[in-house]
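Subject: Structure for you, with notes

Hi there,

Here is the structure I promised to pass on. My notes on it follow below, with the cut-offs spelled out as they come up.

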Amino acid sequence: YSQTYPKGGLFMKRFSYDRLEANAEREISAASVPPQKLVLVHSLITAGAVLLAALVQLLLQNQIDNTGGLSGMDSRAVLSTVETLLSGAVRLGLPFWQFGLTFAIWSIHRQRQTEYRDLTLGFRNFSPVLRFLLLNGLLILGVMMLLVYPLCGILMVTPLGSPLTRAVEAQLAAGVTDLNAMLEDPTLYASMVSLVGIAILLSLIVLIPLSYRLRMGRLALAEDPKAGAMNALRKSVNITRKNSMALFRLDLHFWWYFLAMGLAALLTYGASICAALNIALPLSATVQFFLFYTLGLAAQTALLWAFGAKVELTYASAYDVLTEERRQAPQPQSPYAQNPMNFSN
C-alpha cells in the first residue's frame with residue numbers, strides 16, 4: 001500500500017492512494033456487517049442524542065425563565081442542575097461513543113466478526129479510552145499554553161501589541177487598577193482578544209505538526225487497548241516520524257470529503273450566520289436554530305453514511321503501512337533519535 005522514492009539518499013514512504021482505497025473497498029465487501037450501515041447507525045444515534053439534548057435544554061430553559069420570584073428559586077435550581085447534568089452527560093459521553101466507531105472500524109479492518117454492539121466498545125474500554133483522551137488533550141493544551149504565553153509577551157513589544165498597551169495605559173491613567181474593571185473597557189478587551197488570537201494562530205505552527213504525530217493514537221489504542229493510552233500515543237509518535245507530510249497528503253487526497261463535512265458542520269450555525277449577515281427569515285429564532293441544526297446534522301450523517309467507512313478504513317490501512325515501515329527501519333543510534341517524543345519531521 002505504499003510507494004518509495006529517493007530523497008537525500010534516504011528512502012521516504014509515500015502512500016499509494018489507489019491501493020489503500022482498493023483495500024478499503026475489499027474490506028467493506030467482506031465485512032460481516034455492512035460498514036455503511038454501521039456508520040449510519042452510529043451517526044443517527046449521535047445526531048439524535050445531540051438534537052434531543054438541545055431540545056430538552058431549550059424546554060428546561062423555558063421552564064427556568066417562566067419560574068420567577070422567590071417561590072420559584074428551588075425549582076430554578078433543580079431545573080438548572082438537570083440542564084447542566086444533561087449537557088455534561090452528552091459532552092462526556094460523545095468522545096467514548098466516537099471511539100466505539102474507531103474500535104468497530106478496526107475490527108472490520110482486521111476482518112473480525114463485527115456486530116452493531118461493537119459500537120459500545122468505547123464505553124466498554126472506558127479506562128484506557130479515558131486516559132487516552134486526557135493525555136492527548138493535556139499534551140495539546142499544555143504545549144499550546146507553553147507557546148501562547150511567551151508569544152503574547154513577544155507580541156506586546158511589537159507594533160501588534162501597541163493597541164493593547166495604549167488601552168492599558170489609558171485605564172491606569174484613569175485610576176483603574178482592577179483587572180476585571182479594565183476588561184469592561186471594550187477597546188482593551190478587543191485588543192487583548194486580538195493579541196491572544198494572533199498568538200494562538202502562531203502556535204499552530206507547532207500544534208499542527210504535533211497533532212499529526214498523535215494522529216494514529218486512536219487506531220493504536222483500538223489495535224491493543226490493554227497496552228494502554230501512553231503506549232498508543234508513543235506508538236503514534238514513533239510510526240509517524242518523518243511521515244507527517246505523507247499523512248497530510250493523504251488528507252489532501254480526501255479534501256472533498258473534509259470540505260463537505262466542514263460545510264455541513266457550518267450549516268448547523270446557519271441561524272447565527274443569517275443573523276450576522278442581516279438575512280431575515282420568516283421564522284422565529286428557535287425554529288431557525290433547530291431547522292439549521294437539523295439540516296446540518298442530516299448532511300453530516302448522509303456524508304458519513306456514503307463515504308465515512310471507506311475513508312476510515314483507508315486510514316486504517318495507512319496505519320498498517322506506517323507500522324510496517326517503522327518495523328523494518330533500522331534502529332537509530334543517537335540518544336536524541338531514540339526519544340519517542342521527538343516531534344521533528
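Leaving aside its neighbours within four places in sequence, which residues is T46 in contact with? They are L94, W97 and Q98, where contact means heavy atoms within 4.5 Å. T46 itself lies in helix α2 (residues 35-66). With a relative accessible area of 14%, T46 is buried; buried means under 20% relative accessible area, exposed over 50%, and partly exposed in between, with a 1.4 Å probe and protein chains only.

Some housekeeping before the rest. This is a predicted model, in which local features need pLDDT of at least 70 and side-chain atom pairs count only at pLDDT 80 or more, while totals for chains, interfaces and linings use all residues. Residues are numbered from 1 along each chain as its sequence is written, and side-chain values use heavy atoms, with hydrogens and water left out.

The overall picture

The chain's secondary structure comes to 15 helices and two strands. These are DSSP runs numbered from the N terminus: helices are H or I with at least four residues, strands are E with at least two. Of the 345 residues in the chain, 38% are buried. Among contacts between residues at least 6 apart in sequence, 72% join residues at least 24 apart. The accessible surface is about 19,400 Å², and carbon and sulfur atoms account for 66% of that; the areas come from the Shrake-Rupley method with a 1.4 Å probe, and for residues only the protein chains shown count as cover.

Aromatic rings

A pair of aromatic rings is described by the distance of the centres and the angle of the planes. Rings of Phe, Tyr and Trp (its six-membered ring) pair if their centres lie within 6.5 Å; planes under 30 degrees apart count as stacked, over 60 as edge-to-face and the rest as tilted. By this rule there are 13 aromatic pairs. One of them joins F96 and F126: the ring centres are 4.7 Å apart and the planes at 10 degrees, so this pair is stacked. The pair links distant parts of the chain, since F96 is in helix α3 (residues 73-109) and F126 in helix α5 (residues 126-156), 30 residues apart. F96 is buried at 6% relative accessibility, whereas F126 is partly exposed at 42%.

F289 and F290 make another pair, with centres 5.1 Å apart and planes at 85 degrees, so they are edge-to-face. F289 is partly exposed, with a relative accessible area of 35%, while F290 counts as buried at 15%. Ring pairs also link F254, W256, Y257, F258, F307 and Y315 into a cluster.

A charge over a ring turned up too: R218 lies over the face of F99, 3.9 Å from the ring centre. The rule here is NZ of Lys or CZ of Arg within 6 Å of the ring centre and within 35 degrees of the ring normal.

Helix α12

Helix α12 (residues 255-267) has 13 residues and reaches 18 Å from its first C-alpha to its last, close to the 18 Å expected at 1.5 Å a residue; the expected span is 1.5 Å times one less than the number of residues. Its buried residues are Y257, M261 and A264. Seen down the axis of α12, they fall within an arc of 60 degrees, so they line one face of the helix; the arc is that of the directions from the helix axis to the C-beta atoms. W255 and L263, on the other side of α12, are exposed.

Best wishes
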